[in-house]
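Good morning, and thank you for coming.

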Amino acid sequence: MAKVHPMVDEENGGNDAEKVGKYPFKRADTDATILAQQNKAGKDDVTFISRIDSRGNINQEIDDSSRGDDVVTSSFFGRPIGSYTGPQNRWNPFRKKSGILAVIHAQTKKNRVVSKHGRINTVRKDEKFVEGHRFLKDFFTSMIDLTWGWTFFSFAASFFISWLLFAVVWYIVVLVHGDLDENRPKDHVVCVSDINDFTSCFLFSLETQHTIGYGGRATTEQCPVAIIVMSLQSIVGVVIQACMAGILFAKFTKPVNRGETILFSKNALITLRNGALYLVVRVGDIRPTHLIECHVSGHLVQKEETEEGELIPYNLQRIEFGAGVEGTEEYFQMIWPLTLSHRINEDSPLYEMTPRDILSKQFEIILTVEGTTPETGNSIQVRTSYLPNEILWGHRFEHSCVAYDKQTTKYVISYVTINKCIADRTPRCSAKDLETRSQKSADD
């Protein structure tokens with residue numbers, strides 16, 4: 001278990017410290033140091049990501065894809081204002097998807113199942129698919145998954161098609177009844193007044209379905225069929241409006257871009273905590289209204305071969321992640337940036353891996369954070385991934401994201417320092433070897 005150290009209360013003259021023993025630092029000094037680090041980090045114009053080459057050297061590379069993502073304040077509508085790490089009008093070349101820049105952008109996603117921004121790097125092969133009719137069975141979900149252009153087109157087409165179909169029905173009704181005959185008797189009572197041709201039938205269909213009622217065309221008591229058609233069209237019109245309104249509302253409330261305000265650290269770290277090795281990452285939510293009931297899940301993608309010789313090229317294996325020092329907390333609140341950790345024990349696929357093994361193997365660690373938006377109550381999933389050259393062995397995060405400010409009497413949160421890490425004295429051996437050494441030391 002982690003040791004909890006008491007904080008010194010300066011206003012009481014350090015009396016609490018005398019009761020519990022001398023503490024090496026004071027809380028006020030720590031907060032002042034963190035605030036200074038936050039102010040200094042906020043002036044940096046370039047964001048770096050640490051990568052390990054084949055020789056084990058740590059290289060700092062400019063990460064242009066994260067520019068504009070580090071936000072510390074927001075406006076009334078939750079939109080970031082004046083809080084980027086660099087100038088807001090800085091052009092990001094990796095957003096362009098044409099020419100040679102498209103090739104550069106593709107290199108950032110090369111050999112990844114999930115990109116750093118959480119997009120799944122898969123595409124279905126263009127081939128004859130005989131099970132395509134299953135999408136029509138789930139019509140509502142298929143409509144929600146359409147792009148906005150196709151959604152508005154479907155919205156308009158559903159009304160135009162219904163107007164046109166019922167216009168044909170009205171034309172048949174008045175034609176059979178003889179309302180369009182030029183030599184009809186003087187005492188002939190028409191089914192619908194002021195109907196002369198198909199155009200007037202189309203206008204009457206539109207007016208009936210939306211209860212416009214301009215006062216010109218109207219049904220009479222002469223034709224029971226016309227009364228039945230008018231009733232059916234009114235019902236069909238209400239059903240179409242209800243379905244299309246439901247689809248548009250579900251599409252509007254679908255939190256597609258809610259995950260854009262969830263930040264992950266650019267690197268995953270392996271550090272020593274309470275005598276055990278942990279794989280740790282950092283996550284934070286820059287929106288003032290945080291997700292509720294957040295929990296995290298992790299998966300490892302790598303090639304696997306069974307004892308019988310079966311080769312699974314892309315095996316998806318679950319690894320346990322959690323909040324807290326030891327990663328045992330299932331649910332957490334992202335009030336400020338938190339550290340998610342995975343304990344490397346005998347159940348972990350990283351149990352026998354040394355720093356050299358991590359660099360020599362090909363795998364990908366996928367993290368998924370799931371939570372509920374308090375605005376709409378919808379669940380969202382945010383993903384990121386880490387390749388072996390993005391895992392730093394023997395590093396830990398700087399705890400400089402949160403500090404108490406006496407002047408404002410509030411906790412100051414900085415997301416600019418979410419990627420800050422420092423080297424530590426973590427043994428460069430596998431968790432299995434470390435456990436063996438600890439047992440030998442305990443026996444001795």
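Of the 444 residues in this protein, 36% count as buried. Please bear in mind throughout that the model is a predicted one. The protein contains ten helices and 17 strands. If we take the contacts between residues at least 6 apart in sequence, 64% of them join residues at least 24 apart.

Let us turn to the interior. In soluble globular proteins, nonpolar side chains tend to be buried together. Here, the largest nonpolar core has 36 residues. Which residues have the most contacts inside that core? They are Phe-332, Met-334, Leu-340 and Ile-365. Leaving aside residues up to four places away in sequence, Ile-365 touches a series of partners, including Leu-279, His-299, Leu-300, Ile-319 and Phe-321. Its partners also include Leu-350, Tyr-386 and Ile-391. Apart from this core lies another, of twelve residues, with Val-173, Val-174, Cys-201 and Cys-223 among them.

My next topic is the aromatic rings. A search of the whole structure finds eleven aromatic pairs. One of them is formed by Tyr-171 and Phe-198, with 5.9 Å from centre to centre and 70 degrees between the planes, an edge-to-face pair. This pair links distant parts of the chain: Tyr-171 belongs to helix H6, residues 148–177, whereas Phe-198 belongs to helix H7, residues 198–209, and the two are 27 residues apart. Tyr-171 is partly exposed, at a relative accessible area of 30%, and Phe-198 is partly exposed as well, at 33%.

A further pair is that of Tyr-404 and Tyr-411. Why does this pair count as edge-to-face? The ring planes stand at 65 degrees, with the centres 5.1 Å apart, and the edge-to-face class applies because that angle is over 60 degrees. Tyr-404 is partly exposed, with a relative accessible area of 27%; Tyr-411, at 44%, also counts as partly exposed.

Ring pairs also build a cluster, which joins Phe-155, Phe-159, Phe-160, Trp-163 and Phe-202.

I come now to the packing of helices. Helix H7 packs with helix H8, residues 224–253, at an angle of about 65 degrees, and their axes are 8 Å apart. The crossing of H7 and H8 is right-handed. On the H7 side, the contact is made by Ser-205, Thr-208 and Gln-209. On the H8 side, Met-230, Gln-233, Ser-234, Gly-237 and Ile-240 take part.

Two single residues complete the picture. Ser-162 lies in helix H6. Is Ser-162 buried or exposed? Its relative accessible area is 6%, so Ser-162 is buried, the cut-off for that class being under 20%. Beyond residues up to four places away in sequence, Ser-162 touches Ser-205, Gln-209 and Ile-240.

Asp-181, finally, is found in the loop between H6 and H7. With a relative accessibility of 42%, Asp-181 counts as partly exposed. Asp-181 and Asn-196 are separated by 15 residues in sequence, and their C-alpha atoms are 9.5 Å apart in space.

Technical notes:
Residues numbered from 1 in each chain as written. Predicted model: local features only at pLDDT ≥ 70, side-chain atom pairs only at ≥ 80, totals over all residues. Heavy atoms only, no water. Core = buried A, V, L, I, M, F, W, Y, C linked by side-chain atoms within 4.5 Å. Buried < 20%, exposed > 50% of the residue type's maximum accessible area, 1.4 Å probe, protein only. Contact = heavy atoms within 4.5 Å. Phe/Tyr/Trp six-rings, centres within 6.5 Å; stacked < 30°, edge-to-face > 60°. Helix = DSSP H or I, 4+ residues; strand = E, 2+ residues; numbered from the N terminus. Axes fitted to C-alpha atoms, helices over the stretch in contact; angles between N-to-C directions. Left-handed = near helix turned anticlockwise from the far one by under 90°.
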